[in-house]
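Biologist: I am new to this structure and would like to learn how to read its features. Could you walk me through them?

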Amino acid sequence: QHGAVKMFLGLAHQLGAPQARLDILAFVYIVLRFIYITMYVAGLPMVRSGVWTLALLVNIGILFVGYR
């Protein structure tokens, strides 16, 4: 999934996405991934799955932020 983030960020840049919006989404993605690891260590699979899903949606949001 990390490779997809890099690819989506590059595509969003090519499409002229606002840098501030990309920065916010990328930061949220990183925070969600940190929370995901925390939930993994804590042994909370249901919460972990929810956090993973949110991170995936942010990743998709990064892809579409450049489309107008």
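This is a predicted model: local features need pLDDT of at least 70, side-chain atom pairs count only at pLDDT 80 or more; totals for chains, interfaces and linings use all residues.

Biologist: Which residues make the nonpolar surface patch?

Modeller: Leu 11, Leu 15, Leu 54, Leu 57, Ile 60, Phe 64 and Tyr 67 make the patch, which covers about 630 Å². Take Leu 54, a residue of H3: its relative accessibility is 46%, so Leu 54 counts as partly exposed, because that class lies between under 20% for buried and over 50% for exposed.

Biologist: How do I read the length of H3?

Modeller: Count 1.5 Å a residue: the 20 residues of H3 should span 28 Å, and the end C-alpha atoms are 29 Å apart, which agrees.

Biologist: And which residues of H3 are buried?

Modeller: First, the general idea: an α-helix has 3.6 residues a turn, so residues three or four places apart point the same way. In H3, the buried residues are Arg 48, Val 51, Ala 55, Val 58, Asn 59, Ile 62 and Leu 63. Looking down the axis of H3, these fall within an arc of 150°, so they line one face of the helix. The face turned away from that buried side carries the exposed residues Met 46 and Leu 57.

Biologist: How many residues does the largest nonpolar core have?

Modeller: This core has 14 residues, and Leu 22, Val 58, Ile 62 and Val 65 have the most contacts inside it. Helix H1 (2-14), helix H2 (19-42) and H3 each supply at least two of its residues, with the largest share, five residues, coming from H3.

Methods:
Residues are numbered from 1 along each chain as its sequence is written. Side-chain values use heavy atoms; hydrogens and water are left out. Patches are made of residues with over 30% relative accessible area and no salt bridge: like charges are joined within 9 Å, nonpolar side chains (Val, Leu, Ile, Met, Phe, Trp, Tyr) within 5 Å. Accessible areas come from the Shrake-Rupley method with a 1.4 Å probe; for residues, only the protein chains shown count as cover. A salt bridge is a side-chain nitrogen of Lys or Arg within 4 Å of a carboxyl oxygen of Asp or Glu. Helices (H or I, at least four residues) and strands (E, at least two) are DSSP runs, numbered from the N terminus. Buried means under 20% relative accessible area, exposed over 50%, partly exposed in between (1.4 Å probe, protein chains only). The expected span of a helix is 1.5 Å times one less than its number of residues. The arc is that of the directions from the helix axis to the C-beta atoms. A nonpolar core is a set of buried Ala, Val, Leu, Ile, Met, Phe, Trp, Tyr and Cys residues joined through side-chain atoms within 4.5 Å.
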